[in-house]
Amino acid sequence: MARIAAEDSRALRFLMDRHMGRTIRLAEGILRSSAESEDVAQEAFVRVWRLAGSFDPRRGRFTTWLNRIVVNLSIDRLRKPRAEAMEAADDIASGETDALTRMISGEERRAVEAALAALPERQRAAIALFHFEGLSGRDGAAAMDLGEKAFESLLIRARVSLREKVAVLLAEGRRR
Amino acid sequence: MKLDEFRDRAQRFGGDIGRWPERNRLAAKALAEASPAAAAALAEACALDRLIELARPEVAPERVDRAIGNVGRRLARPVRRAWWLRLMPVLAPATSFACAAVIGVALGLAQPVLPTRQDGAEVLVSLVLDGPPLPRGWFY
């Protein structure tokens, strides 16, 4: 980070090579849109470049700082009126080969996608940090600038709500 | 660990006990093996984990490369600012001073020289402060 603060672009490139994929995935986990998540990830690294001088390693790791930037940018974007419609869940490729399994899995995936999209943005961020990024409760809380208990509370509300919504959507789908 | 606490942890952190707080793990594993109700709660949490995993975004390498390239292009672009923005360090204090002067003059002109209606106390204050010197011995 000291090298980036001294405007060493190779240091930024090194960090991007290491973290860009994860950064896009975190943004996409919150935004549920691949195009917007790339925008957010790019903006996050532009900020890393511009704000590198203000990074203080005594206050936390670089990944925590980066996660916080990505979470804040993603939530800000969700709070603005969105120009693009939510992308179809079918965009994500499935590795399964069996037709029946694929059909059931596709149905479930669509239900989870819809249920996730309906969650409040902070609950969605908690799911993305804990489940998609595999962060611990403590690291997830730090990324959202929350206490551990508050993060866990978001997580439990998100999981309960997801379970209920998915059950309703799957039942509706099977009735049709 | 009680069953209620076990259920709470499973709902909160999912079906992988390895991801629960370290202080709970040993007791939770023991309870999951001993109690069918705990095992059922764990299975239910695992089912939800599996569903959530279906929505995990996959990021193809070309998207990563494109994003890295775009950041490079954005940072290579010189920051262009409008000519009037470059003058802001001079314009801002000059404009503030001019505005203050205009407001001051306008307020001064708008202020009535003499009040149109005064009650007794205001007349007295006006006489003392604005009028000619009072004759000696008038007040004391």
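Start with chain A: 22 Å separate the centres of its domain 1 and domain 2, taken over C-alpha atoms. The model is predicted; local features need pLDDT of at least 70, side-chain atom pairs count only at pLDDT 80 or more, and totals for chains, interfaces and linings use all residues. Residues are numbered from 1 along each chain as its sequence is written, while chains are lettered from A and ligands numbered from 1 in the order in which they are written.

**Stop 1: the two domains of chain A**

Select 1-86 of chain A for domain 1, then 98-176 for domain 2. These bounds come from an automatic or database domain assignment.

Now pick out the contact between them. Domain 1 of chain A gives 15 residues and domain 2 of chain A gives 16. Two residues are in contact if their C-beta atoms, placed from the backbone, lie within 7 Å.

Stay on the domain 1 side. Colour helix H2 (9-31) and helix H4 (62-79) of chain A; each supplies at least two residues here. Helices are DSSP runs of H or I, at least four residues, numbered from the N terminus. H4(A) brings the largest share, seven residues. By class, this side holds six nonpolar, five polar and four charged residues.

**Stop 2: chain B against chain A**

Show both chains. Chain B puts 20 residues into the contact, and chain A puts in 31.

On chain B, select helix H1 (3-13), helix H3 (36-54) and helix H4 (61-76); each supplies at least two residues of the side that touches chain A. Finish on H4(B). Its nine residues are the largest share of that side.

Methods: Ala, Val, Leu, Ile, Met, Phe, Trp, Tyr, Cys and Pro count as nonpolar, Asp, Glu, Lys and Arg as charged, and the others, Gly among them, as polar.
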